[in-house]
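Here is a short tour of one protein model. Keep the structure in view as you read.

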Amino acid sequence: MEQSENNITNLDANQIIDIQARIKEKSERIRDVIRYIGRFKNAAVVIHIDDRILDSPLFANHIRDIALLHEAGLRVIIVPGAHGRIDSVLSQNSIFWSMKNGVRITSEEAMPLIKTAAFDTANVVMTSLAGEHLTAVIGNWVRARGKGVLSGIDYGTAGEIDRIDEKTLETVIENGFIPIFPCIGWSLNGKPYNISSSRLAAQIAIKLKADKLFYLLPDAEISGKNFVIPSEIGLSPEGCVPAMNLEELDSFLDANKKADKKKDFHAVLSLLNLSREAVEKGVTRVHVLNGSLEGSIPCEIFSDLGSGTMIYAADYGKFRAMRREDIPAVLSLIRPFVQKKILLPRTKQSLEAQCDDYIVYELDGAVRACAALHIYGRSQAEIASVAVDETCAHIGLGPKMISYLLDKARTISIESVFILTTQTADWFEKLGFKADSIDSLPEERRKIWNPKRGSKVFRLAKL
C-alpha cells in the first residue's frame, strides 16, 4: 500500500489529471448503465433483425445481448426479417418474383415456400435464444388481408396488416416468454400472406407504445460517406449521425430524396420513413443500428447517444433551470474545463449563491451541459460557465444553449450580452460575438477581472 501511494505521489500533474479523466469516464459509463436499467425496467423493446445478420459471425453476440436485456427486466419482442431467405428458396425452386414499390409480387404457388422461409428464420432466432436458456414462442398473432390490385398492379400474395392480437401477446410476455413474429399474416379464413417484417416491427411497437424500436441490419452507417447530411444535423467524432429529431429527419429525407445510390441506401431511407411514422404514433425512440458492430444493442440502450442513429420527438432532451440537487453534477461537468484552464473554478457555495442564474441540459435524467446568465443592472448580462459533456459535444448543444440564454436575456430587455474567455474566442465569434474592451464591462464585473489570467471580452449587442 505504501509503495502504491508513493507511485501516485511521484506522478506529475498531467498524469494525475489523465488518471482522473479515465476514472471519471468509467464511472460515468457505470452510472449510465444503472440509470438506464432503472428507466427501462419493464419497458417494451421491439427488435427487427435483418436476416443477413443471422449468417453473421456476430449473430451469437447479438443474441447474447438480447438475452441480457431480457434478464435486466426489459420486455423483448423480436421480428426477424426473411427477405434474403425468401429470395434464395424461390430461386432454388425456379419460381419467378418481382419487386414493386418495395413489395414482393409472386404467384400463389410461391406462398408455401415463403411461409417456410419466414418460419425458418424465426426458428433460427428461437433456437439461439434457447442456447441462452430463454424460452421464446413463435406465434400467429397477426391478422392480414391481401394487398390486392393497386393502380393496375396485382400484388398477389403480398399482404397488409389488419390487426395484431395484443391481448395474447401481452399474456405471452407476462409469462416471461420472448415473442417471435415471422413475416406472415393470416386472413380471417386462415389464408397466409407475406407481410413486410420491418413494417410489422413498427406496427407492433406502435400497438405496444414501445419505448424502443430497433432496426438491426449490416453496415447501417448513416454518415456523409453514404448520405447527404444537412448542415444543421450534428455528427459524431466518427462522422456518423447519432440522433435526429423529427424536424431534422424531414430535412435529411428531403436532402436524400433524389440521390441515386445503391440498394442498402434506399433500404435505410425506407426504415427512416417507418421510424418517423412510429415516433409520430407514440413510440418513444427508434434506432437504426449497425449489426456489423459488436455490442451495438446494449450500447444504444445503456448510453445517451449509443452507437447507431436514434429518431426521437423534440422532447428527448431539455433545457431547464438548475436545481440545488444538480450542483454535484454541474461541478463534475465543469471540472475538466477547469483543469484545462478554460473555465474558472466554481464551488458548491458559489453555485448555491447563484443557483437562479444557471441552466442545465437534461438528457434522460442526467445533466449533460450547463451555463449561466449573470445580470448586471438593466442593460448588460454575462454568459459564463458554458460546459458540455464530451459525449454530447458533437450534437450542437453549445450553440443551442447560448441561443436559449440569449432568448432569456431578450425577455428581460437586456441590451447586450458579453462573455470572457481565454481559449474559446473563435467559437464565440462564430456565434456572432465581437471583440470588445475590458473598459466596457460593468464596474462590478471589471473589479474582479484578473489581469494575470488575461481573459478577453466578446460582446453581442442589439439583442
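Helices (H or I, at least four residues) and strands (E, at least two) are DSSP runs, numbered from the N terminus. Axes are lines fitted to C-alpha atoms, for helices over the stretch in contact, and angles run from 0 to 180 degrees between N-to-C directions.

The model is predicted: local features need pLDDT of at least 70, side-chain atom pairs count only at pLDDT 80 or more, and totals for chains, interfaces and linings use all residues. Residues are numbered from 1 along each chain as its sequence is written, and side-chain values use heavy atoms, without hydrogens and water.

**The sheet**

Seven strands make an open, mixed sheet, ordered E17-E18-E19-E20-E21-E23-E22. Two strands pair if DSSP finds at least two bridges between them. Which strands stand at the edges? They are E17 and E22; each has a single partner strand, so one side of each lacks a neighbour in the sheet. The twist averages 30° from one strand to the next.

| Strand | Residues |
|---|---|
| E17 | 317-321 |
| E21 | 416-421 |
| E22 | 434-436 |
| E23 | 456-461 |

E21 and E23 pair in the antiparallel sense over six bridges. Thr421 stands opposite Lys456 in E23.

**Aromatic pairs**

The structure holds eight aromatic pairs. Rings of Phe, Tyr and Trp (its six-membered ring) pair if their centres lie within 6.5 Å; planes under 30 degrees apart count as stacked, over 60 as edge-to-face and the rest as tilted. The ring centres of Phe319 and Tyr361 are 4.9 Å apart and their planes are at 65°, so this pair is edge-to-face. Phe319 is in E17 and Tyr361 is in E18, 42 residues apart, so the pair links distant parts of the chain.
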